[in-house]
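Visitor: Can you walk me through this model? I'd like to start with the ligand contacts.
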Amino acid sequence: MSDDCINKILLLGDSTVGKTCFLLRYCDKRFQEAHLSTIGLDYRLKSMTLKNGKNIKLQIWDTAGQDRFRAITKNYYKGANGIILIYDVTNLQSYENVKNWISQIKEEANPNVLIYLAGNKIDVGEEERVVKTEEGQKIADELNLPFYETSAKNGVNVNEIFEDILEKIDEVYSKIEVSKTEGKNK
Ligand code: GTP
Ligand code: MG
């Protein structure tokens, strides 16, 4: 992928799973207790350096989870190289909806898009957690998605999932560019 290429990452998942907090943790290293529902969508720009020394630009789209915004947000799936699909380990419905999100992604997104699954809010106590790690892993295996459990509150695995997906995007999309060039040379 050329240096001036912008990587687009979309954060998806039900309302209140913590998408906005995920973005704030990654970009500003802070946490917000209040839930201020995202209206439509919002984005942030960031630069980072990959392990191979390549500098990349990153555009992270924070989408609204509420159904009433779906008609707007789904227009943005097409341009994404990566999607972090988030559920909340304290909210069973958000976990059960993972398959619906995947169907919507398959309909709307680029077929090469890389999808990662995150079970967020693992900082909560055992009594509040309703989705076990093994259940998250099971659905991830079924859908063939890399899986992380995360906490936007204390930062667990937030940087890691972004780093992982960006390395992978670089690998996959560089290959796609190479094969396009080879095609042109024929
Ligand atoms: P929409 O914009 O409506 O789609 O919601 P969202 O997914 O952006 O949720 P948001 O980030 O606003 O977080 C919802 C609530 O969950 C807020 O009260 C956050 O403080 C809380 N929250 C987010 N992440 C975490 C987390 O990792 N741990 C805990 N304990 N709470 C979290
Ligand atoms: Mg939000």
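Visitor: How far is an oxygen atom of ligand 1 from an N or O atom in the side chain of Lys121?
Guide: The distance is 3.0 Å. That is a polar contact, meaning a pair of N or O atoms within 3.5 Å. The model is predicted: local features need pLDDT of at least 70, side-chain atom pairs pLDDT 80 or more, while totals for chains, interfaces and linings use all residues. Residues count from 1 along each chain as written, chains are lettered from A and ligands numbered from 1 in written order, and side-chain values use heavy atoms, without hydrogens and water.

Visitor: Which polar backbone atoms does ligand 1 meet?
Guide: One belongs to Cys21, 2.9 Å from a ligand oxygen. Another belongs to Ala152, at 2.8 Å from a ligand oxygen.

Visitor: How much of ligand 1 does the protein cover?
Guide: 92% of the 660 Å² of accessible area that ligand 1 has on its own. Areas are Shrake-Rupley, with a 1.4 Å probe.

Visitor: Is Thr38 buried or exposed?
Guide: Thr38 is buried, at 16% relative accessible area. Thr20 is partly exposed, at 24%. Buried means under 20%, exposed over 50%, partly exposed in between (1.4 Å probe, protein chains only).

Definitions and conventions: Polar contact = N/O pair within 3.5 Å; in protein donor to acceptor, adjacent residues only side chain to side chain.
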